Every structure is written in structure tokens, then in C-alpha cells.
Amino acid sequence: MKSVLRTGLAAVAATLLIGTATAFTGPSNASTAAVAYPAKAGIAKLNMNINLPNGVWTDTPLEVTLPKAGTYTLDADVRGRLQGTPPVNTFITARLWNVNSGAEVPQSERLVYQIINLNPGQAAAAGNQTAPISELIRVSGPTTIRLQAQRTDAVGAASIAQIFSDNSGYTSLRFERVGC
């Protein structure tokens with residue numbers, strides 16, 4: 001009797017274990033949360049105009065964060081606006097700034113716009129133009145890249161000097177991860 005009881009209990013225990021294992025390992029109708037991976041690409045747009053003082057690199061609020069280590073392409077469209085009264089020679093340059101390292105992205109400086117009018121007279125010279133910046137950068141971890149700009153008055157002075165951004169043309173900064 002004891003062996004029949006043991007065999008019966010063993011069979012019941014085995015059935016319970018198999019049923020329990022099946023309950024835990026069987027297919028589920030519940031969905032799991034997706035893993036959040038950092039963005040491979042992104043774009044930011046400047047939504048204001050930035051006045052530029054003479055001779056000083058000025059931070060703009062336009063920046064992107066490269067999410068992880070790797071090689072990235074950086075592309076910016078930088079719209080500059082200038083006005084001055086002759087004689088005037090004034091220009092805007094822009095560059096990409098690596099906030100984490102506190103240094104310029106190498107060779108990213110570009111002439112955005114320049115006004116040269118050395119003629120006599122009081123008629124203001126003005127205009128705006130967009131210049132591209134395209135660079136390749138390798139980073140070892142999350143990195144913030146910011147747009148900086150500088151106005152230089154070589155002759156006379158600009159009465160308006162801005163990094164400009166509106167519905168007629170936005171200043172923007174883009175990134176795309178292209179390698180490990």
C-alpha cells in the first residue's frame with residue numbers, strides 16, 4: 001500500500017510540476033515593452049534670432065546630442081543677416097562647438113555672410129544668406145554639439161548682425177550615426 005501511495009503521490013507531484021512549468025513557459029498573450037534605443041539621427045531648428053556682438057564667439061541655443069559612441073555626420077544650415085552703412089566691411093562666421101570637450105569641431109568654421117561697401121554715401125547695405133556646414137566626427141560617448149557664431153567688423157560696424165531663423169529659412173543642425 002505504501003508503494004502504491006508513494007507512486008500515486010509521485011505521479012500527482014509530477015503532474016503538478018509539469019503543469020506549473022507549462023503554465024510558466026507557455027506562450028503569452030501579454031506584450032512586452034519595446035527597448036528604447038538612442039536615436040540614430042536627429043534634427044534641431046533655431047526658433048529665434050540671435051544678435052551677435054563684435055569679435056566674440058556667441059553660443060546659440062541650437063544644439064544636438066549625439067546619443068552614444070560612434071561616427072556621426074553633422075550638417076548645419078546657418079542663416080546670417082547683416083546690415084551696415086558705408087564704409088563697411090563686416091562678416092559673420094559660424095562653427096560647431098563640442099560642448100563636452102570645450103573645443104571647436106575641427107575645421108567646421110564657415111563664412112556665413114559678408115558685406116563690403118566702401119563707397120561714399122549713407123545708403124545702408126544689407127542682406128542675408130544661408131551657409132552649409134558638413135563635418136564627420138567620432139565621439140567616445142554621448143556628446144552635445146552646439147552652433148556658435150561670431151561677427152567681425154573689419155571696417156565700420158554692422159548695425160544688424162544676427163543668426164536668423166524664421167519661416168523664410170530656418171537655421172538648423174542635424175546628425176546621423178554612420179558607424180561604430
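The order along the sequence reads α-β-β-β-β-β-β-β-β-β-β-β.

I noted that this is a predicted model, in which local features need pLDDT of at least 70 and side-chain atom pairs count only at pLDDT 80 or more, while totals for chains, interfaces and linings use all residues. Residues are numbered from 1 along each chain as its sequence is written, and side-chain values use heavy atoms, with hydrogens and water left out.

**Confidence**

I looked up the mean pLDDT (the predictor's confidence in each residue, from 0 to 100) and found 86, with 79% of residues at 70 or more. Residues 9-31 fall below 50, and beyond near neighbours in sequence this stretch has 0 contacts in the model; contact means heavy atoms within 4.5 Å.

**Whole protein**

I recorded that 37% of the 180 residues count as buried, which is to say under 20% relative accessible area, with exposed over 50% and partly exposed in between (1.4 Å probe, protein chains only). Of the contacts between residues at least 6 apart in sequence, 81% join residues at least 24 apart.

**Rings**

How many aromatic pairs does the structure hold? I found 1. The ring centres of Tyr 72 and Phe 175 are 6.0 Å apart and the planes stand at 65°, so the pair is edge-to-face. The rule is that rings of Phe, Tyr and Trp (its six-membered ring) pair if their centres lie within 6.5 Å; planes under 30 degrees apart are stacked, over 60 edge-to-face, and the rest tilted. Tyr 72 belongs to strand 4 (residues 70-84) and Phe 175 to strand 11 (residues 172-179), so that the pair links parts of the chain 103 residues apart. Both Tyr 72 and Phe 175 are buried.

I also saw Arg 95 over the face of Trp 57, at 3.9 Å from the ring centre; this requires NZ of Lys or CZ of Arg within 6 Å of the centre and within 35 degrees of the ring normal.

**Thr 90**

Leaving aside neighbours within four places in sequence, its contacts include Leu 82, Tyr 113, Ile 115 and Ala 158. Its side chain also makes a polar contact with the side chain of Asp 153 (2.6 Å). Such a contact is a pair of N or O atoms within 3.5 Å; within protein, one must be able to donate a hydrogen and the other to accept it, and residues adjacent in sequence count only if both atoms are side-chain atoms.

Definitions and conventions: Helix = DSSP H or I, 4+ residues; strand = E, 2+ residues; numbered from the N terminus.
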